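Thanks for coming, everyone. Let's walk through a structure that is new to you. Please bring it up on your screens.

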Amino acid sequence: MIKQLTVFLQNEPGRLRELTGVLSENEINISALSMAETEEYGIIRMIVSDPEKAQTALKEKHFVVKLVDVIGLLIPDVPGKLHHVLELLADGGINVAYMYGYSDNGAARMIMKVSDPQKSEKILEEIQ
């Protein structure tokens, strides 16, 4: 289980730059980022080097931010492996609200927001 920052920001020029500026000024590294948008606002989801410090720094600059528990998962980058993970979770009664990730050098790194993080960790222990 890892902490993810979820930041809501206005969908306007320079606002994302302001967010990354706050993190840069506080020497906080971004290791994963997902961005979704609507006409009026964006939702930024990030895994950072110091989530609590990032949350405090961003709130001080009036960003709307919260910490969320997510599952960080490293799986082999082979056909069907993600499907297997999702089967295990579904069979365990776990809902996946959203996920993002990437693959590199034969491994896929996935970040998942699930309905029950603790139960999900137990279910997924076998594939780690």
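One definition before we start: a residue counts as exposed when its relative accessible area is over 50%, and as buried when that area is under 20%. Keep in mind that this is a predicted model.

Now use that cut-off. Is Glu27 buried or exposed? Its relative accessible area is 73%. That is over the 50% limit, so Glu27 is exposed. Where does Glu27 sit? In the loop between H1 and E2. Look at its backbone too. Phi of Glu27 is near 55°, a positive value, and the residue is not a glycine.

There is another residue to look at here. Asn105 is found in the loop between E5 and E6. Asn105 is not a glycine either, yet its phi is positive, about 55°. With a relative accessible area of 76%, Asn105 is exposed.

On to the sheet. How many strands form it? Six, and the sheet is open. Read across it, the order is E2-E3-E1-E4-E6-E5. The pairing is antiparallel. At the edges are E2, residues 30–37, and E5, residues 96–104. Each of these edge strands pairs on one side only. From one strand to the next, the twist averages 30°.

Zoom in on E5. Its partner is E6, residues 107–114. The two run antiparallel, joined by eight bridges. Find Gly101, and opposite it you will see Met110 in E6.

Next, what lies across the strands? Take H1. This helix lies across E1, E2 and E3. Its direction is at about 140° to E1. E1 covers residues 2–10, and E3 covers 41–48. Then there is H4, residues 117–124. H4 lies across E4 and E6. To E4, residues 64–76, it runs at about 10°.

Last topic: helix against helix. Two packed helices are described by the angle between their axes and by the distance between those axes. Here the pair is H1, residues 15–25, and H2, residues 51–60. The angle is about 125°, and the axes are 10 Å apart. H1 and H2 are therefore oblique to each other. The crossing of H1 past H2 is right-handed.

Which residues make that contact? From H1, they are Leu19, Val22 and Leu23. From H2, they are Ala54, Ala57 and Leu58. Six of the contact residues are nonpolar, with no polar and no charged ones.

That's the tour. Over to you for questions.

Conventions
Residues are numbered from 1 along each chain as its sequence is written. This is a predicted model: local features need pLDDT of at least 70, side-chain atom pairs count only at pLDDT 80 or more; totals for chains, interfaces and linings use all residues. Side-chain values use heavy atoms; hydrogens and water are left out. Axes are lines fitted to C-alpha atoms, for helices over the stretch in contact, and angles run from 0 to 180 degrees between N-to-C directions. Helices (H or I, at least four residues) and strands (E, at least two) are DSSP runs, numbered from the N terminus. Angles under 35 degrees count as roughly parallel, over 145 as roughly antiparallel, 65 to 115 as roughly perpendicular and the rest as oblique. A crossing is left-handed if the near helix is turned anticlockwise from the far one by less than a right angle, and right-handed if clockwise. Contact means heavy atoms within 4.5 Å. Ala, Val, Leu, Ile, Met, Phe, Trp, Tyr, Cys and Pro count as nonpolar, Asp, Glu, Lys and Arg as charged, and the others, Gly among them, as polar. Two strands pair if DSSP finds at least two bridges between them. Buried means under 20% relative accessible area, exposed over 50%, partly exposed in between (1.4 Å probe, protein chains only).
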